[in-house]
Amino acid sequence: MAGIATDPLRLVRLYPVPFRFLTETQRFPKYSILRVRVRSAGSDARPESLKIDASSVQVIRPLKDWRERAPYVEPLVGGSMCSLVAAAAENPNAQSLGLVTVGEFHSIDVKPHPGWTPAELQRFARFAEQGDLFRADVPQMRQAPRFKAWLRFTCPEDSCTQPHRVGMLDWELTALQGHLRDRPDHEVVEAIRFKFGTQMFGPGRATALYLGNQENVTRRRQFMVLGTYYPPERLAAAPLFQML
Ligand SMILES: [Zn+2]
């Protein structure tokens with residue numbers, strides 16, 4: 001799970017928290033202030049990776065709207081898909097999480113989800129063995145959503161001429177499909193296209209993408225969309241210390 005550490009302000013990867021596999025009741029609201037004990041991630045050498053002590057998670061408060069989130073998030077916006085990929089090609093342990101802007105949004109590809117892969121099932125099984133975050137019973141794995149999606153976009157720099165095609169692991173993509181579970185396929189596809197294409201990259205949104213790469217050292221150049229930050233405009237006028 002991608003998160004933001006507040007002192008100093010930086011992007012972090014916290015695990016094991018297999019957020020996208022969990023059912024509604026096992027999750028805390030996105031953009032919550034948490035207090036949690038962490039330690040280094042051991043074999044995972046990516047600089048942002050931290051292991052959490054699940055029993056220590058305390059939800060302090062949710063950040064309700066974009067204005068409350070902006071002072072934490074917006075100072076971290078920088079770089080691009082191209083710059084992250086280039087750095088990872090140079091050094092596999094380069095920055096592995098980024099919050100980037102897009103030059104031009106091209107399209108969104110939506111395809112049927114083939115179901116969880118054996119690797120995903122294994123990851124969840126490992127998590128389940130370690131125990132649940134908040135409950136004594138064994139966490140249940142949610143069903144795979146019906147569709148997967150990829151965003152196609154170029155970066156702000158002129159040298160980026162060929163659109164990237166980047167897979168989405170965004171929890172909101174799964175949640176949207178959950179809300180539409182009784183709707184026919186074509187309506188779900190339309191809704192995904194509307195929310196993650198037309199709306200997020202249309203007028204009135206200052207969208208940035210949370211990108212993260214994979215632990216497998218041979219795949220560090222493969223970044224995925226882990227989430228989207230899509231306020232109507234940049235809002236971080238208030239310095240962070242006024243918020244704390
Ligand atoms: Zn690019």
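**Figure 1. The largest nonpolar core of the predicted model and the elements that build it.** Of the 29 residues that make up the largest nonpolar core, the ones touching the most other members are L99, A149, I192, L209 and L211. Two or more residues of this core come from each of helix 1 (66–73), helix 2, strand 7, strand 8 (104–112), strand 9 (147–154), helix 5 (185–199), strand 11 and strand 12 (224–229). The structure shown here and in the following views is a predicted model, not an experimental one. In the protein chain, which has five helices and twelve strands, buried residues account for 23% of the 244 residues. Among the contacts between residues at least 6 apart in sequence, 69% join residues that are at least 24 apart.

Figure 2. Leaving aside residues up to four places away in sequence, L211 touches M81, L84, G98, V100, F223, M224, V225 and L226. Strand 7 and strand 11 pair in the antiparallel sense, and four bridges connect them.

Figure 3. Three strands lie in the order 7-11-12 and form an open sheet with antiparallel pairing. Strand 7 and strand 12 are the edge strands, each of them pairing on one side only. On average, and with direction ignored, neighbouring strands of this sheet are turned by 25° against each other. As a general point, the strands of a sheet pair through backbone hydrogen bonds, in either a parallel or an antiparallel manner.

Figure 4. Within helix 2, which spans residues 81–90, the buried residues include M81, L84 and A88. These residues lie on the same side of helix 2 because they cover an arc of only 70° around the axis. In an α-helix there are 3.6 residues a turn, so residues three or four places apart point the same way. The other side of helix 2 carries the exposed residues A89 and E90, whereas the buried residues of the helix pack against strand 7 (97–100), strand 10 (164–167) and strand 11 (208–212).

Figure 5. E90 is found in helix 2, and it counts as exposed because 8 other C-beta atoms lie within 10 Å, where the limit for an exposed residue is 12 or fewer. Although E90 and R221 are 131 residues apart in sequence, they are 9.6 Å apart in space, C-alpha to C-alpha.

Figure 6. The buried residues of helix 1 are R69, A70, P71 and V73.

Figure 7. A hairpin leads from strand 1 to strand 2 through two residues, and strand 1 pairs with strand 2 (residues 9–15) in the antiparallel sense over five bridges. T6 has L9 of strand 2 as its bridge partner, while A2 stands opposite R13, also in strand 2. P8 has its place in the loop between strand 1 and strand 2, and the peptide bond from D7 to P8 is cis, with omega near -5°. In general, most peptide bonds are trans, and most residues other than glycine have a negative phi.

**Figure 8. Pairing of strand 2 with strand 5.** Besides its antiparallel pairing with strand 1, strand 2 pairs with strand 5 (residues 49–52) in the parallel sense, over three bridges. L14 has L50, in strand 5, as its bridge partner.

**Figure 9. Y31 and its positive phi.** Y31 lies in the loop between strand 2 and strand 3 (32–35). The phi of Y31 is near 60°, which is a positive value in a residue other than glycine. With 18 C-beta neighbours inside 10 Å, Y31 counts as partly exposed, because a buried residue needs 20 or more such neighbours and an exposed one has 12 or fewer.

How values were computed
Residues numbered from 1 in each chain as written. Predicted model: local features only at pLDDT ≥ 70, side-chain atom pairs only at ≥ 80, totals over all residues. Arc of directions from axis to C-beta. Contact = placed C-beta atoms within 7 Å. Core = buried A, V, L, I, M, F, W, Y, C linked by C-beta atoms within 7 Å. Pairing = 2+ DSSP bridges. Axes fitted to C-alpha atoms, helices over the stretch in contact; angles between N-to-C directions.
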